[in-house]
Each structure stands twice: as structure tokens, then as C-alpha cells.
Amino acid sequence: MSASGSIVRCRGCGALVPTEGIPPEHAYIDASPGCWSLFAELRGREASDPGYLAHGCSITDAYMIQHPGVPGRQSSQSVWVHLVGLQLVVERGMRPLDAIDVVRRILVGHPVFPWLDPPPSLGATTVADVAAAGGPDAYADAVRHWARDAWQAWAIHHERIRDLATAALAGTAQADPH
Ligand SMILES: [Zn+2]
């Protein structure tokens, strides 16, 4: 068995991923190189094909909350921001590209986010399932399933996330002269 064909379990999300890969570009993301490479491949697909692009922020949200890392300012902020993004899409039915505008409002004033202890299981669906989906329709289904699964895994913190999402949406309303 060659090393290049080996499979390992990602230390962040638990997905079965190739041993070989590129390490995460951000130090606060705790992912195995093979897992980060799958995520990079999905982002490349979206960048090159408009049929995939509409799901862009949902894959980032789902990926980041399945690789929360260890307590720290950036890792804490990442988990909060990406959980709010998923709440808006999964529970409120917003389009992923619209959710980005709401999420940006959370970061105005550079708040410091408290660390949320990750749940014991981060969800059964992972980036590996989405990477295996062929064609834009199957990809869209896989991303929606992944987003719901990843969001549901964090149920112990849902109330706090919903509260922040509500505040961010209220900020949108205030900023809108209409
Ligand atoms: Zn992973």
C-alpha cells in the first residue's frame, strides 16, 4: 500500500480523508491536510462554475464550525460568525449570499466573542460527503444536508446564536432608511 493512497481520519471533523494534502491557511483551524485540501477543492469548484457559487458561504460556515480548534480570539469569533451564517440559512431560509451581509454587521466594532465549547459530535456529514457529490444539483443537495447537520450538532448553543442573529437582523433594519 502506497502512502499516497492512505486514508486518515481528520483530527477536526472526523471525516475519512487522504493522508496527503495542504495544511490549513489559518493557524486557528484545526484540520488535517487532506481535509483542508478537499475544502480547497470545493472552493475551487465554486470559483470556476456559477452553478456551484450560490452555496459558497454555506460550505465555509459548515466547514469552519466542524473545525473549531482551541479557545482563542480568532477561533471563538470564527465559530460564532459561521454559526450565525448557518442559522440565517438553515432556520430562516435566507440565501447564503444574502446572509453574508447580515453576518458582516456582527463584526462592526470588533467585539470579542466568548468561547463556545464544541459539542462531542460535530455532525455525521462532512466535507468528504460534499466532495463526492457530482453535478450542481447533487452538490446543492449535499451542501444543504451538510449545513443542516453541522448546525444541528451545535444545538446546545442554538439559543445564544439565534439571539445574535436576531440582533444582527435588527441592525439591518435600522440601517435601512425604508
Ligand atoms: Zn476535517
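**Helix packing around H3**

The crossing of H3 and helix H7 is left-handed, a term applied when the near helix is turned anticlockwise from the far one by less than a right angle, the clockwise case being right-handed. The structure is a predicted model, in which local features need pLDDT of at least 70 and side-chain atom pairs count only at pLDDT 80 or more, whereas totals for chains, interfaces and linings use all residues. Residues are numbered from 1 along each chain as its sequence is written. Helices (H or I, at least four residues) and strands (E, at least two) are DSSP runs, numbered from the N terminus.

Two packed helices are described by the angle between their axes and the distance between the axes. For H3 and H7 (residues 136–153), the axes come within 9 Å and cross at roughly 40°, where axes are lines fitted to C-alpha atoms, for helices over the stretch in contact, and angles run from 0 to 180 degrees between N-to-C directions. Ser58, Ile59, Asp61, Ala62 and Ile65 of H3 meet Val143, Trp146, Ala147 and Ala150 of H7, two residues being in contact if their C-beta atoms, placed from the backbone, lie within 7 Å. This contact of H3 with H7 comprises 7 nonpolar, 1 polar and 1 charged residues, with Ala, Val, Leu, Ile, Met, Phe, Trp, Tyr, Cys and Pro counted as nonpolar, Asp, Glu, Lys and Arg as charged, and the others, Gly among them, as polar.

Helix H3 (residues 56–65) also packs against H4, at an angle of about 135° and with the axes 9 Å apart. That angle makes H3 oblique to H4, since angles under 35 degrees count as roughly parallel, over 145 as roughly antiparallel, 65 to 115 as roughly perpendicular and the rest as oblique. The crossing of H3 past H4 is left-handed. On the H3 side the contact is made by Cys57, Ser58, Thr60, Asp61, Ala62, Met64 and Ile65, and on the H4 side by Ser78, Val79, His82, Leu83, Gly85, Leu86 and Val89; by class, these residues divide into 8 nonpolar, 5 polar and 1 charged. H4 itself (residues 73–91) has 19 residues and reaches 27 Å from its first C-alpha to its last, close to the 27 Å expected, the expected span being 1.5 Å times one less than the number of residues. Gly93, which follows H4, has a positive phi near 70°.

Against H5, H3 packs at an angle of about 60°, with the axes 7 Å apart, and the two helices are therefore oblique to each other. Gly56, Cys57 and Ser58 of H3 make this contact with Pro96, Leu97, Ala99 and Ile100 of H5, and the contact has 5 nonpolar, 2 polar and no charged residues.

H3 is also among the elements that cover the buried residues of H1, which include strand E1 (7–9), strand E2 (16–18) and H6. These buried residues are Gly34, Cys35, Trp36, Leu38, Phe39 and Leu42, a residue being buried if 20 or more other C-beta atoms lie within 10 Å of its own, exposed if 12 or fewer, and partly exposed in between, with C-beta atoms placed from the backbone. Gly34, located in helix H1 (residues 33–48), has 21 C-beta neighbours inside 10 Å and, not counting residues up to four places away in sequence, touches Val8, Val17, Pro18, Thr19, Glu20 and Gly21. By contrast, His110, in the loop between helix H5 (96–106) and helix H6 (127–131), is exposed, with 7 other C-beta atoms within 10 Å.
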